[in-house]
Amino acid sequence: MYIKDKLHTGDKPYVRDQLRRGTEAFFYALMFLTRLPVGRFVRSSDTEVAARAVYFYPLVGALMGSLLLLSAIILAPLGTWLAAALMVTLWVLLTGALHLDGLADCMDGYCAGHKMADKSARRERILQVMHDPACGAVALVALLLVLLLKVVAVASLWEQGVSLLAVLLAPLLARTVVLPFMALADYARSEGVVAPAQTAGVQTLWLVALVTCALVSLLLGPLVAGVLFSALALLVLYWWRFWHEQIGGYTGDCLGALVELSELLVLILLVALW
């Protein structure tokens, strides 16, 4: 009621404050998910800003996709495979390998503890290994396979003449599916949670994800969108169930790995569908 009264009476300081908070949350999300030099625009990094920043993840994905789209235009004269490899390299540089690091930690953690019969001991072992910055052989193999598949998928789409749209959608949708995943799952650690735990926050996560998917479906058409969103929904449900059984929730590494797997899934499905 207070917010409605403020908006109805045209309280300009209130509106400006909300715009400032929203802008700051966007730049926080951009600073967290990418290596773009926007840190000077973030004056506060408290819990409220971090929670608001989650809602801007799809927008950050759209910006990343736009930059990759621009790079595709610039790199086109170099030929399909070299251009695809350079584009994936730029893709990694944009994020500072943040999500790849999460995938590596997830692989190491799972392989280190999944055979332990005691659930409590398994959970602690997996979380401990996830926190370790060292990278094992299994993680290296997983990273190489993901990067190789990305390059091949981008090259295949390029040959079909649709890679420009694909490289825009993959980062966008991968950062969108993180929102419903966070709404479904609990945070596994006792510190570091950034997802809104309140009911209103969870509802907003779903709303942002559904609106983003609705807009994307206008570009893809009902058939392609239906297949793509169904596959991503299955991936989210599987990833949620998998880590719920292993550690009772998720960590930041689980989110990063989900982004990488979602990007790869989108690229592969678009190769198959197009």
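Before going on, I wrote down the ground rules. This is a predicted model, where local features need pLDDT of at least 70, side-chain atom pairs count only at pLDDT 80 or more, and totals for chains, interfaces and linings use all residues. Residues are numbered from 1 along each chain as its sequence is written, and side-chain values use heavy atoms, with hydrogens and water left out.

**Entry: A97**

I checked the backbone at A97. Its phi is near 60°, a positive value in a residue other than glycine. Most residues other than glycine have a negative phi. A97 is partly exposed, with a relative accessible area of 25%. The cut-offs are under 20% relative accessible area for buried, over 50% for exposed, and partly exposed in between, with a 1.4 Å probe and protein chains only.

**Entry: aromatic pairs**

Next I looked at rings. Rings of Phe, Tyr and Trp (its six-membered ring) pair if their centres lie within 6.5 Å; planes under 30 degrees apart count as stacked, over 60 as edge-to-face and the rest as tilted. By this rule the count is nine aromatic pairs. I picked Y110 and F242, a tilted pair at 5.1 Å centre to centre, with 50° between the planes. Why does this pair tie together parts that are 132 residues apart in sequence? Because Y110 lies in helix α6 and F242 in helix α12 (residues 222–247). Y110 is partly exposed, at 26% relative accessible area. F242 is buried, at 15%.

F181 is buried, with a relative accessible area of 0%. Y250 also counts as buried, at 2%.

I also found a cluster. Ring pairs link Y110, Y238, W239, F242 and W243.

I turned to W91. K150 lies over its face, at 4.5 Å from the ring centre. For this, NZ of Lys or CZ of Arg must be within 6 Å of the ring centre and within 35 degrees of the ring normal.

Which residues line the largest cavity? They are W91, V92, T95, L100, K150, R175, E260 and E263. On a 1 Å grid over the protein atoms alone, a cavity is a set of points where a 1.4 Å probe fits but cannot get out, and a pocket is an open set with protein on both sides within 12 Å along at least five of seven lines; lining residues have an atom within 4 Å of a point. The count is one cavity of 30 Å³ or more. The largest cavity holds about 40 Å³ of space. Grid points are joined across faces, edges and corners, and a volume is the space filled by probe spheres set on the points. α5 gives the most to this cavity's lining, with three residues. By class, the cavity lining has three nonpolar, one polar and four charged residues. Here Ala, Val, Leu, Ile, Met, Phe, Trp, Tyr, Cys and Pro count as nonpolar, Asp, Glu, Lys and Arg as charged, and the others, Gly among them, as polar.

**Entry: the largest pocket and D253**

The largest pocket has about 580 Å³ of space. I counted 27 lining residues, and F32, T251, G252, D253 and L255 lie nearest its centre. The lining has 15 nonpolar, seven polar and five charged residues.

I followed up D253. It lies in helix α13 (residues 252–273). Is D253 buried or exposed? D253 is buried, with a relative accessible area of 15%. Leaving out residues up to four places away in sequence, D253 touches D101, G102, L103, D105, C106 and M130. Contact means heavy atoms within 4.5 Å.

**Entry: the second largest pocket**

Of its 14 lining residues, V177, P180, W206, C213 and A233 are closest to its centre. α12 gives the largest share of the lining, five residues. By class, I noted 13 nonpolar, one polar and no charged residues.

Technical notes: Helix = DSSP H or I, 4+ residues; strand = E, 2+ residues; numbered from the N terminus.
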